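Colleague: Could we go through the packing and the pockets of this model together?

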Amino acid sequence: MAEDDDNSQEKTEEATPRRLEKSREEGQTARSKELATMSVLLAGAGGLLMFGASLGEALADIMRENFTLDRATLFDTRTMSLHLLDSAVEAASALSPIMLVLFVAAFIGPIGIGGLLFSGKAIAPKLNRMDPLKGLKRMFSMRSLMELVKAVAKVALVMIIALLILDIRTEDLLNISEEPAIPAMAHVLWTLGWSFFLLACATIVIAIIDVPFQIFDHQKKLRMTKQEVKDEFKDSEGKPEVKGRIRQLQREMAQRRMMQDVPGADVVITNPSHYAVALKYNQASMAAPIVVAKGVDETAFKIMEIAREHKVDILRTPPLTRAVYHNTDIGGEIPDGLYMAIAQVLAYLFQLRQFRRGGGPKPGMPELPIPSDLRRDI
């Protein structure tokens, strides 16, 4: 018995849509720091390769301007302040393309998985994080082990790629010493730029490993026990007694609407002790007679009571009443197999009204044909 209870508490069920929605509301979603790091490093390396030349020229111009000042400018405080401001504006303008690329990468990288999410609950202080026992548990968790493995793997991978780059570029780097100063500086910058880009590419491997792990780990943390799924279903769908009350109110509302249509019916057919069905037919607007109300027992007696109050004809036709009741819905047309029987009822009703006005003999109730597949004995 205890084993069954333990098993029932295991989180074996995938998170429900409501659980996923709630976790997002609380700021909990899969995130990968490695993906964000990769994005920033690759963007920075790519930005340097694309805009490095123009940045170098701009910085060289700023240095040239600042090292060629005349004596009068050096001793004029106001002029030096304006000169410093101009230099700062030029430097910011030169750096702006790279900074823009880094800003976009820093924004897109973290939302690469999990999407854009704003939640104040994610940064709210939580006292349970101050529990030392839980802190130790987090330190020796599978997540912490994975973080350690990633850190070691990153260092090892970057070191291996750096050594490969040095091994490939060693002869080229040694030849730089024989070049003139200006071409040598450009050569060094080019080599450093591409080396940085290749080192940044190493983070792609880490991100490819980390992203699936973060998604799996997030889904694992959101798993639910079978009891939690049942409780959530009860909360979302409503408790049985509440649902029963709602259904009862809905039935009462439907009956009230149904009773409001009884006065407009053409005839109410009954099996006096149990069933009552109110029918309406408008030859100009209806393809077939429709059921405006139906019911059994107390509802049937209420339909007949309203019909008498509004002088709607009530006809006793037990077999036909049962057939119509069991084979139609409120507001629906009668089945094809009952057309002939209903037509005879309407014809009889027309003759009966003629007789009441003093026109002709009293008609007799005709035999009503009811197909065997539509007949109901109870």
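Predicted model: local features only at pLDDT ≥ 70, side-chain atom pairs only at ≥ 80, totals over all residues.

Colleague: Which residues of the largest nonpolar core touch the most other members?

Modeller: They are I269, V277, L279, L320, V324 and L338, out of 22 residues in that core.

Colleague: What does L320 touch, leaving aside residues up to four places away in sequence?

Modeller: On that basis L320 is in contact with I269, L338, A341, I342, V345, L368 and I370.

Colleague: What lies apart from this core?

Modeller: Another core of 17 residues does, and its members include V262, A265, A278 and V312.

Colleague: Changing topic, what volume does the second largest pocket have?

Modeller: The volume is about 620 Å³.

Colleague: How many residues line the second largest pocket, and which lie nearest its centre?

Modeller: The lining consists of 18 residues, and G52, A53, G56, M185 and L189 are the ones nearest the centre.

Colleague: Which elements give two or more residues to that lining?

Modeller: These are α3 (33-66) and α8 (181-221). The most come from α3, which gives 10 residues.

Colleague: How does the lining of the second largest pocket divide by class?

Modeller: The lining has 14 nonpolar residues, 3 polar and 1 charged.

Methods. Residues numbered from 1 in each chain as written. Heavy atoms only, no water. Core = buried A, V, L, I, M, F, W, Y, C linked by side-chain atoms within 4.5 Å. Buried < 20%, exposed > 50% of the residue type's maximum accessible area, 1.4 Å probe, protein only. Contact = heavy atoms within 4.5 Å. 1 Å grid on protein atoms, 1.4 Å probe; cavity = no way out; pocket = protein on both sides within 12 Å on 5 of 7 lines; lining within 4 Å. Points joined across faces, edges and corners; volume = space filled by probe spheres on them. Helix = DSSP H or I, 4+ residues; strand = E, 2+ residues; numbered from the N terminus. Nonpolar A, V, L, I, M, F, W, Y, C, P; charged D, E, K, R; others polar.
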